[in-house]
Amino acid sequence: MHVQLLNNDRLIIYDRTDFGFSNLTLPNGTCRHDPSEKVLNQTDCTAHSLEYDVASDTFRPLFVQTDIWCSSGTTVANGTLIQTGGYNDGERKIRSFTPCETCDWQETDNALLVKRWYSTDHYLPDGRQIIIGGRRQFNYEFYPKINSAEYDKPYVLPFLFETYDKGVENNLYPFVFLNVDGNLFIFANSRAILFDYQNDIVVRTYPEIPGGDPRSYPSTGSAVLLPLRNLEAPSVEAEVLICGGAPRGAFQLVPQGVFLQALDSCARIMITDPNATWTVESMPMGRVMSDMVMLPNGDILIINGAQLGTAGWDKAMEPVLEPVIYKTNGWVGSRFVLQSASSIPRMYHSTAILVRDGRVLVGGSNPHEKYDFSNVSYPTDLSLEAFSPYYLDPQFSPLRPMIVEPCSHANVTYGEKFKMGIEVNGTLVPELVSVTMLAPPFNTHSFSMNQRLLVLSIGQVNVTGNWTCEFEVTPPGSAVLAPPTFYLLFVVHQDIPSEGIWIKIQ
């Protein structure tokens with residue numbers, strides 16, 4: 001249900017604590033004793049979270065005390081995952097996980113001012129995070145808190161009242177992106193605002209998305225901030241893409257046995273344009289509950305989901321098995337490229353996340369209230385599989401660059417150039433070399449929080465051999481463009497990315 005890649009190349013994966021006992025036993029006789037547990041026995045000796053080592057294909061169980069169902073999270077400057085909220089006894093908890101060989105979850109009681117269930121987190125330039133919305137929460141708060149006003153009560157956000165559909169909501173897990181001016185783009189239901197969170201002011205209201213259909217949970221579409229380019233320009237442009245979802249009214253019709261066709265539209269808007277308007281394109285098929293994963297070369301993978309219905313327990317039919325690549329810089333009308341189909345339906349509560357070697361790991365699917373493995377149309381699936389984008393095809397091996405320097409986990413300073421060296425196994429084309437850096441996101445419920453790809457400026461490419469070259473790279477100039485944390489750094493040669501290395505920007 002939830003997944004985050006950490007800078008030690010391990011995935012932190014977790015699910016509800018009250019779905020049922022898992023098949024992974026906690027080590028050393030450890031058990032969870034929870035008097036607030038409503039579903040399972042109050043003693044549970046199975047794990048509901050694990051750490052997965054991508055390189056070795058191994059895992060170890062992790063311990064969570066309280067329910068982390070439908071929660072949110074982000075990684076911060078030192079690489080720690082900060083997770084917020086959940087359900088029942090977990091709804092006001094904050095949990096942290098720091099990458100190390102033996103680390104486990106640490107929980108803080110009553111660290112949130114209100115219950116946070118289906119909320120969205122975003123990491124901020126000052127190293128804190130903002131937690132927005134959630135079920136029956138029309139407000140936001142910060143973590144950590146730095147003044148008495150922040151400890152007193154959450155800040156009311158009227159926009160969440162305005163986008164609430166009675167009986168359906170359609171504004172949960174709002175899409176939130178840090179704009180290049182330091183404000184937050186917030187999309188919920190079918191509407192969007194630019195929000196100055198530092199002064200609690202709505203700076204502008206954007207046009208409603210064409211058609212007026214909802215894209216937020218449970219009419220779940222997905223969204224990405226498109227790659228940020230020309231970072232040294234006087235004004236940097238930022239553009240958002242929102243795809244899929246369910247027609248207005250779809251959620252209410254499911255109990256009557258009517259499953260409406262999911263939306264096939266993608267809407268794109270330049271949020272920095274004073275006269276911003278939406279441009280609409282059509283996907284090859286309708287999709288609800290799909291994930292949008294930013295790839296190292298700026299393309300977007302659209303994967304998972306269904307063609308009929310909405311998000312929720314047993315509320316969707318007809319899984320979409322064919323992923324789609326969206327060519328961000330392609331011509332309108334030719335941006336969508338169908339990929340080979342998977343054989344595994346990935347419906348409600350599935351995930352997708354990019355890892356350092358360029359693959360996308362896809363896992364889970366449980367459209368039922370509990371684990372249900374048989375005698376249902378779409379059984380619970382607890383497997384993990386890898387999708388390999390086209391650029392990993394062996395035919396592109398001669399083009400694929402390898403980063404020689406800097407070394408992994410190098411420190412990078414805002415605006416200060418650093419040297420890179422690469423090599424390829426075939427002919428090097430210097431003018432077709434670029435560098436990108438990606439903030440690995442927290443993925444849940446078809447939205448990847450904090451997902452952010454930046455295209456860095458590079459100097460003259462000096463060819464040092466038939467297959468090698470060196471050049472200088474200019475990182476982003478401020479934390480507004482790239483909040484301080486660990487990023488994956490890639491070199492792209494003729495549209496084929498290298499394996500990434502970790503850098504820390506500060």
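Visitor: Which cysteine does a disulfide join to C100?

Guide: A disulfide is a covalent bond between the sulfur atoms of two cysteines. Here C100 is joined to C103, with an S to S distance of 1.9 Å; the criterion is a pair of cysteine sulfur atoms within 2.5 Å. The torsion about this S-S bond is about 115 degrees, so the disulfide is right-handed. C100 is partly exposed, with a relative accessible area of 26%; buried means under 20%, exposed over 50%, and partly exposed in between, with a 1.4 Å probe and protein chains only. Please note that this is a predicted model, in which local features need pLDDT of at least 70 and side-chain atom pairs count only at pLDDT 80 or more, while totals for chains, interfaces and linings use all residues. Residues are numbered from 1 along each chain as its sequence is written, and side-chain values use heavy atoms, with hydrogens and water left out.

Visitor: How many disulfides does a search of the whole structure find?

Guide: The search finds 3. With the bonded cysteines numbered in sequence order, they pair as 1-2, 3-4, 5-6. One of the disulfides is formed by C31 and C45, whose sulfur atoms are 1.8 Å apart. C31 lies in the loop between β2 and β3 and C45 in the loop between β4 and β5, so this pair ties together parts that are 14 residues apart in sequence. Strands (E, at least two residues) are DSSP runs, numbered from the N terminus. C31 is partly exposed at 21% relative accessible area, and C45 is partly exposed at 29%.

Visitor: Are C243 and C266 buried or exposed?

Guide: Both are buried. Their disulfide has an S to S distance of 2.0 Å. C243 belongs to strand β20 and C266 to strand β21, so the pair ties together parts that are 23 residues apart in sequence. By contrast, C469 is in no disulfide, and the nearest cysteine sulfur, that of C407, is 18 Å away.

Visitor: Which way do the side chains of strand β19 point?

Guide: In a regular strand the side chains alternate between the two faces of the sheet. In β19 (residues 222-225), S222 and V224 point one way, A223 and L225 the other way, and all are buried. This strand is joined to β20 (residues 239-243) by 4 bridges, and the two run antiparallel; pairing requires that DSSP find at least two bridges between two strands. The bridge partner of L225 in β20 is V240.

Visitor: What is the order of the open sheet of 4 strands?

Guide: Strands of a sheet pair through backbone hydrogen bonds, either parallel or antiparallel. The order here is β23-β24-β27-β28, with antiparallel pairing. β23 and β28 stand at the edges, each with a single partner strand, so one side of each is left without a neighbour in the sheet. Between β23 and β24 there are 4 bridges, and M292 has I302 in β24 as its bridge partner.

Visitor: How many nonpolar residues are in the lining of the largest pocket?

Guide: The lining divides into 18 nonpolar, 11 polar and 2 charged residues. Ala, Val, Leu, Ile, Met, Phe, Trp, Tyr, Cys and Pro count as nonpolar, Asp, Glu, Lys and Arg as charged, and the others, Gly among them, as polar.
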